[in-house]
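Work through the exercises below with the model open. Each task is followed by a solution in steps.

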Amino acid sequence: MNNIHPNEAPGVDSIFNFFKSMALDDSISYDTKGSNGQESKIHLNMDQVLNQVIFLFVYTNNPDGRVHTTRSNANDFDLNRDNSYQTQPETRSVTEQIAKWSPLSFLDLHGFDSNFLIEPATPPHDPNIEYDLLMDSMLEQAKAMGEAGIANTKYTDYYIPYEEHQKSVKDPKYVPKGTSSGWDDAAPAYTAVFAMHHGALGHTLEVPESNEESTKALYYSVAGATQYVMENKEKLFMNQLKIYERGIDNKDDRAVDPYLVNAKNEIIGRPRSGNQNFFPDYYVLPIDRSIQKNAYETYRMIEYFLRNGIKVERSIMPVTVSGTTYPAGSFVIDMHQSYHGYANSVLYDGIDVSDYESVAGEIVQDFPVLRGFNRYVIREPRVFEGKTAPVISVTIPATAMPDKSSVYVLLRNTNNEAIKAVNELLASGKHVTMLTKTESEHEAGDFVVAYDDLNPLASKYLLDVSLFIDPMPVGKELKSPLVGALGEPAYVMENLGFKVTSDQAQADVLVNTFDSAEQVGKGKPYIAYGNMGMANVQDWIPGFSFGEPEWKRYEGVFLADVKQDSVITAPYDKQEYFYTISGSYIKTVPKTANILAKISSKDDFYKAGWWPGHEAAKGQIMAFTYKENNKNVTVFSNDLTNGAHSQHQFRLLANSIFNAVSNRNQSSESAVEFSDLQSVESWAGSEIHELARLGLVNGFNGERFEPLKKITRVEFLAMIVRAFNLYDQKENISFKDVPPASWYETYVKAAVGLKLAEGTGEGYFEPNRAITREEMAKISANAMKITLGASAGNIEEALAKFGDRETIAPYAREAAALLTHKGIIQGLPGGTFGPKAVATRAEAAVIISRIKQIEG
């Protein structure tokens with residue numbers, strides 16, 4: 001017996017009282033009614049009871065909640081939504097005991113339902129449970145508990161949701177005693193349902209009140225269950241053994257099908273998808289990088305299986321099935337085992353129950369999506385026979401560091417361990433660069449660190465590393481951010497190694513916080529996700545709108561198309577499954593927004609969950625960044641941290657934090673105030689303020705920006721190099737007008753080495769000559785190609801709007817087209833480009849700001 005919500009005090013107290021009776025009393029006597037309605041008195045002799053029944057007492061799953069009289073634990077989690085996800089130590093402890101003991105009966109003692117609720121539950125039911133071997137006994141035990149509970153208290157009735165649903169189906173005019181729908185057992189996140197997966201009669205009991213009468217009702221219900229188990233233990237053992245036998249035979253018994261109905265109460269049975277057997281023969285979880293994107297989460301999943309009684313094997317040789325070779329060392333889940341139903345529940349795709357009007361809570365258990373690892377379904381019998389060895393325990397290995405033949409190491413952004421390692425390095429003052437461009441050996445969003453800095457951490461984390469050959473990484477130089485967050489986001493961020501504060505004024509970036517308009521108005525970055533987050537930022541972003549359900553807990557797994565040139569999303573696959581719990585999607589964004597991901601437009605984009613009306617989300621926007629009007633906001637429509645179990649999405653949040661606060665020389669202070677921006681405030685003011693806040697532009701004498709002052713070639717190059725961290729010291733230069741050790745030598749080296757700009761001929765660079773608009777376009781386009789991989793498209797079409805397009809020099813036409821196509825250059829009054837006109841400092845700031853908005 002168990003209590004998981006200690007603020008529902010009768011649950012805790014009744015367990016204490018029953019234990020006390022067992023320890024001190026010779027017997028327990030109580031009144032009840034039999035199945036024939038006849039009243040009787042039962043005497044439970046404690047010696048006889050203890051000779052026949054083993055009791056496991058969990059006075060409360062949540063001792064911190066007991067002390068503070070709260071439903072949630074110290075980390076602010078509802079543990080009765082965590083039994084399968086097991087993100088919290090309390091649930092890991094209790095579920096491990098359930099797996100160890102395989103109880104015949106499991107009682108979860110709760111409050112409050114004014115009509116005294118006793119499970120079994122309503123549909124939708126979990127297709128991985130053997131209902132035909134459990135339901136009859138669960139109904140019998142529920143009635144034994146209910147009759148004992150009301151016969152010895154003031155209460156006159158109880159009800160069973162499963163029965164109320166059945167009666168309502170048979171007679172549409174029937175008035176239920178209590179809940180007849182929406183109280184389902186579709187997921188093992190609930191303790192009682194988790195126990196059902198291990199062959200137990202799993203019941204949640206909800207008493208009416210928080211008083212002594214309800215405590216007595218639970219006490220006598222436990223007594224009724226004890227008597228029922230004693231009288232029926234042989235039948236219960238045989239049914240439990242039959243459940244295990246089906247598992248060992250990997251049998252998909254059709255006797256389960258009648259219990260599996262849709263919202264119209266039509267029998268749909270198990271979702272076999274054209275297969276004879278609902279259960280596959282094997283699941284394979286490789287660790288080899290060639291077919292596994294996240295070895296760390298794979299090892300953690302094996303730990304999970306072993307903790308929950310699932311048998312695991314490991315291949316001792318390569319095995320090829322249907323053209324795919326699984327290397328030696330791959331983990332194998334042979335589905336011929338007692339708990340094959342539970343193994344399947346956390347590895348299969350899940351079910352879509354969106355036709356139901358409501359469900360009790362989260363039902364998605366798709367760990368490959370939630371945790372982000374590859375699993376492979378094998379439907380060929382005996383292909384691993386004789387090719388595996390049993391796994392009794394598993395240890396997550398340390399990082400295998402490459403031979404030290406380079407100064408730098410590439411740290412791939414493939415798991416949450418990478419984020420933890422980066423945060424530990426930053427906290428100790430080490431330099432970390434986040435790469436901004438995808439190339440053959442790395443992706444945007446990967447990290448580069450010094451070999452000697454990472455090596456001491458190799459034994460602590462499992463990281464995906466290789467040598468970084470280039471002499472110097474090009475990307476964002478990260479800083480150790482202070483994250484403003486509360487509750488669940490704060491818990492997740494702290495576990496990823498971020499420093500977290502509740503003080504918004506002190507934070508470098510805010511995550512789903514409330515009442516943040518003042519800080520965001522000063523330019524402080526803000527990251528919003530889910531329905532709540534989008535509601536927080538809605539008024540800050542003109543042209544932004546989103547769709548939301550009437551009820552906020554619509555859940556699902558959906559396919560998304562993911563942008564591959566942003567540091568936030570490039571570490572994910574081009575098409576990736578993500579998770580949501582609020583069923584929201586983004587309908588419109590400003591033209592200047594940078595879209596990071598869209599919900600797929602495929603007909604089968606929705607995979608599983610409960611999300612009525614999810615068709616409306618098809619093809620809609622999932623995420624974007626907005627950097628305009630001194631705002632720096634990143635928005636996701638899906639929920640990134642729900643219950644701390646959607647861990648595959650944590651890096652979206654971490655990458656957004658790094659991106660928001662990582663710019664070179666960035667300061668978290670508010671924007672510098674210049675006194676001379678009146679003449680350009682309407683079209684360049686916010687851009688100048690933002691670049692100044694980021695430390696990318698400076699003023700004169702601390703007060704003046706001189707926005708209409710002509711800007712030189714080298715001044716613009718310096719702004720470009722700083723803005724996009726394009727430092728390159730490899731190139732040897734020899735220009736007559738670039739003195740060694742001059743302040744701009746570094747920038748000229750970078751410009752020439754990365755082919756941002758060239759000399760002007762005869763050994764000159766002309767660093768101090770005012771730059772023309774077409775020269776500025778050429779340098780800007782080159783930077784975009786390096787950082788974003790951008791291309792121009794149709795040149796003539798892009799330039800058609802300019803009356804002076806024929807005067808643009810041939811070398812700059814493609815660049816001018818690219819910047820026009822991307823909306824970075826919009827032309828001068830009168831519909832001209834002005835290619836030979838000299839550029840101003842304000843124009844340069846606007847161009848760089850707009851490129852950075854695209855960069856995200």
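Predicted model: local features only at pLDDT ≥ 70, side-chain atom pairs only at ≥ 80, totals over all residues.

**Exercise 1.** Identify the residues of the nonpolar surface patch that includes Ile54, and classify isoleucine 54 as buried or exposed.

Solution. Isoleucine 54 sits in the loop between helix H2 (46–52) and helix H3 (63–68). The relative accessible area of isoleucine 54 is 65%. Exposed means over 50%, so isoleucine 54 is exposed.

**Exercise 2.** Classify the aromatic pair of phenylalanine 77 and tyrosine 491, and state how far apart in sequence the parts are that the pair ties together.

Solution. A pair of aromatic rings is described by the distance of the centres and the angle of the planes. For phenylalanine 77 and tyrosine 491 these are 4.9 Å and 65°. Planes over 60 degrees apart count as edge-to-face, so this pair is edge-to-face. Next, locate the partners: phenylalanine 77 is in the loop between H3 and helix H4 (89–101), and tyrosine 491 is in helix H14 (residues 487–495), so the pair ties together parts 414 residues apart in sequence. Finally, check burial: phenylalanine 77 is buried at 6% relative accessible area, and tyrosine 491 also counts as buried, at 16%. The structure holds 35 aromatic pairs.

**Exercise 3.** Decide whether lysine 293 and aspartate 573 are buried, partly exposed or exposed, and describe the contact between their side chains.

Solution. The two side chains form a salt bridge, with 3.8 Å from N to O. Lysine 293 lies in the loop between strand E8 (282–285) and helix H9 (295–307), and aspartate 573 in the loop between strand E25 (555–562) and strand E26 (575–580), so parts 280 residues apart in sequence are tied together. Lysine 293 has a relative accessible area of 29% and is partly exposed. Aspartate 573, at 37%, is partly exposed. The count of salt bridges comes to 45.

**Exercise 4.** Find the salt-bridge partner of lysine 607 and the ring over whose face lysine 607 lies.

Solution. The salt-bridge partner is aspartate 366, with the closest N and O atoms 2.8 Å apart. This pair links distant parts of the chain, 241 residues apart: lysine 607 belongs to strand E29 (residues 606–610), and aspartate 366 to the loop between helix H10 (340–347) and helix H11 (367–372). Aspartate 366 is buried, at 2% relative accessibility. The ring is that of tyrosine 577: lysine 607 lies over its face, at 4.5 Å from the ring centre.

Notes:
Residues numbered from 1 in each chain as written. Heavy atoms only, no water. Salt bridge = Lys/Arg side-chain N within 4 Å of Asp/Glu carboxyl O. Helix = DSSP H or I, 4+ residues; strand = E, 2+ residues; numbered from the N terminus. Buried < 20%, exposed > 50% of the residue type's maximum accessible area, 1.4 Å probe, protein only. Phe/Tyr/Trp six-rings, centres within 6.5 Å; stacked < 30°, edge-to-face > 60°. Lys NZ or Arg CZ within 6 Å of the ring centre and 35° of its normal.
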